[in-house]
Amino acid sequence: MSNIFIFTWGGKKSQRQLAEDITLWYINEKLPRYKNLNIEIDLEKIDDVQGYCVEIDKRTFSVVIDKRLQGDDFITCLFHELTHVEQHLRNKFGIREDNDNIHYLDRLYEIDAYTKQEQLLEEYRLCS
């Protein structure tokens, strides 16, 4: 039995629906073995970054996306943060380690997420 919960707040109704659809697609395509996940997506105005992901516990994540993003920028930002969810689940690329001494763009988990966000956009477009 699957307990996948996706909660969205803020933004416009169409943004919340798109975020839920993309997140469900991502889970089904990239994380099919994970049956217990809680992903909370908050669409709000944020400065300095377009989005971020926080691991609350091993199966609960908070993803925040700047609600001012539109179109492909919104979608790729969400895919970027969902890639971080996957990295946390699989403990990949040192995502849980203290990386403050490594420049942001040189962190392996960021390199991976930036590479995958564009690939995921193309995959998603082909499937929808």
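Author: Thr76 is a place to begin: it touches Gln117, Glu118 and Leu121, leaving aside residues up to four places away in sequence. Keep in mind that this is a predicted model.

Reader: Where is Thr76 placed?

Author: Thr76 is in helix H2, which covers residues 71-90.

Reader: And is Thr76 buried or exposed?

Author: Thr76 is buried, because its relative accessible area is 8% and the cut-off for buried is under 20%.

Reader: What does the side chain of Thr76 reach?

Author: The side chain of Thr76 reaches the backbone oxygen of Asp73, at 3.4 Å.

Reader: New topic. Where is Arg96 found?

Author: Arg96 is in the loop between H2 and helix H3, the latter being 108-127. Arg96 is partly exposed, with a relative accessible area of 39%.

Reader: Which residues does Arg96 touch?

Author: Not counting residues up to four places away in sequence, Arg96 touches Glu55, His88, Leu89 and Asn91. Arg96 and Tyr26 are 70 residues apart in sequence and 21 Å apart in space, C-alpha to C-alpha.

Reader: Now the surface. Which residues form a nonpolar patch there?

Author: Val49, Tyr52, Val54 and Ile56 form one, and together they have about 330 Å² of accessible area.

Reader: Which strand is Ile56 found in?

Author: Ile56 is in strand S3, residues 51-57.

Key:
Residues are numbered from 1 along each chain as its sequence is written. This is a predicted model: local features need pLDDT of at least 70, side-chain atom pairs count only at pLDDT 80 or more; totals for chains, interfaces and linings use all residues. Side-chain values use heavy atoms; hydrogens and water are left out. Helices (H or I, at least four residues) and strands (E, at least two) are DSSP runs, numbered from the N terminus. Buried means under 20% relative accessible area, exposed over 50%, partly exposed in between (1.4 Å probe, protein chains only). Contact means heavy atoms within 4.5 Å. A polar contact is a pair of N or O atoms within 3.5 Å; within protein, one must be able to donate a hydrogen and the other to accept it, and residues adjacent in sequence count only if both atoms are side-chain atoms. Patches are made of residues with over 30% relative accessible area and no salt bridge: like charges are joined within 9 Å, nonpolar side chains (Val, Leu, Ile, Met, Phe, Trp, Tyr) within 5 Å. Accessible areas come from the Shrake-Rupley method with a 1.4 Å probe; for residues, only the protein chains shown count as cover. A salt bridge is a side-chain nitrogen of Lys or Arg within 4 Å of a carboxyl oxygen of Asp or Glu.
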